[in-house]
Amino acid sequence: MKRTMTVVLALMVACTMALVACGGKGSAKADTPTATFEKYADYIKKGDFAKAVDILEGSNEATKEQKEFIVALMQEASKENGGVTSYEVLNEEISEDGMTAKIKVKYTWGNGKTKETTEKLVKTENGWACKL
């Protein structure tokens, strides 16, 4: 049960990282759901979980302890699965109102397993952010 929860939390964290990466900074091209997700996923792949957490929706309001907790969950999930070795964005779907998006992504873990999942993003006043 604990292992299942860890995997679920790891996937949630991965999704969240993808959505918050851009944060509205940089060029207009960089402020897309896919670009934000890729920034988030790159941080996860590098093991820089603190920067990945900063891309999550609501990270500006989170306490230091809350951020540290999420980082710890990410680290545990990454260690358990051998880390993310690669990812591939399969599809991007932006809602009609332009305020939410879904990114279909395929993760490859260090233990050789792959997982396709849909990451959710939300547009904030600062740009796109990953949703938990």
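**Group meeting: a sheet, a helix and some rings**

Let's start with one residue pair. Glu92 has its bridge partner in S2, and that partner is Ile103. Keep in mind that this is a predicted model.

Now widen the view. How many bridges join S1 and S2? There are nine, and the two strands pair in the antiparallel sense. S1 covers residues 84–94. S2 covers residues 100–109.

Strands of a sheet pair through backbone hydrogen bonds, either parallel or antiparallel. Here, four strands make an open sheet, in the order S1-S2-S3-S4, with antiparallel pairing. Which strands sit at the edges? They are S1 and S4, the latter being residues 127–130, and each pairs on one side only. From one strand to the next, the twist averages 30 degrees.

Go to the other end of the sheet. S3 and S4 are joined by a hairpin, through two residues. Four bridges pair these strands, again in the antiparallel sense. Take Lys123 as an example: its bridge partner is Trp128, in S4.

H2 runs over residues 33–46. What does H2 touch? H2 packs on the sheet and touches S1, S2, S3 (114–124) and S4. The direction of H2 makes about 165 degrees with that of S1. H2 has 14 residues. From first C-alpha to last, H2 reaches 20 Å, close to the 20 Å expected at 1.5 Å a residue. Several H2 residues are buried, including Thr34, Phe37, Tyr40 and Ile44. Just after H2 comes Gly47, with a positive phi of about 80 degrees.

Hold on to Phe37. Is Phe37 buried or exposed? Phe37 has a relative accessible area of 0%, and buried means under 20%, so Phe37 is buried.

Now the rings. A pair of aromatic rings is described by the distance of the centres and the angle of the planes. How many aromatic pairs does a search of the whole structure find? It finds three. One of them is Phe37 with Tyr87: 5.7 Å centre to centre, 90 degrees between the planes, edge-to-face. Why does this pair tie together parts that are 50 residues apart in sequence? Because Phe37 lies in helix H2 and Tyr87 in strand S1. Both Phe37 and Tyr87 are buried.

Phe37 also pairs with Tyr107. Their ring centres are 6.2 Å apart and the planes stand at 65 degrees; over 60 counts as edge-to-face, so this pair is edge-to-face. This pair too links distant parts of the chain, with Phe37 in H2 and Tyr107 in S2, 70 residues apart. Tyr107 is at 2% relative accessibility, so Tyr107 counts as buried.

Ser78 touches Trp109, along with Phe49, Gly83 and Val84, leaving aside neighbours within four places in sequence. Ser78 sits in helix H4, residues 64–81. With 15% relative accessibility, Ser78 counts as buried.

Last, confidence. The chain averages a pLDDT of 83, and 77% of the residues score at least 70. Where does pLDDT stay under 50? Over residues 4–28. The model still has 96 contacts beyond four places in sequence for that stretch. Where pLDDT is low, the predicted coordinates should not be read in detail.

Methods: Residues are numbered from 1 along each chain as its sequence is written. This is a predicted model: local features need pLDDT of at least 70, side-chain atom pairs count only at pLDDT 80 or more; totals for chains, interfaces and linings use all residues. Side-chain values use heavy atoms; hydrogens and water are left out. Rings of Phe, Tyr and Trp (its six-membered ring) pair if their centres lie within 6.5 Å; planes under 30 degrees apart count as stacked, over 60 as edge-to-face and the rest as tilted. Buried means under 20% relative accessible area, exposed over 50%, partly exposed in between (1.4 Å probe, protein chains only). Contact means heavy atoms within 4.5 Å. pLDDT is the predictor's confidence in each residue, from 0 to 100. Two strands pair if DSSP finds at least two bridges between them. Axes are lines fitted to C-alpha atoms, for helices over the stretch in contact, and angles run from 0 to 180 degrees between N-to-C directions. The expected span of a helix is 1.5 Å times one less than its number of residues.
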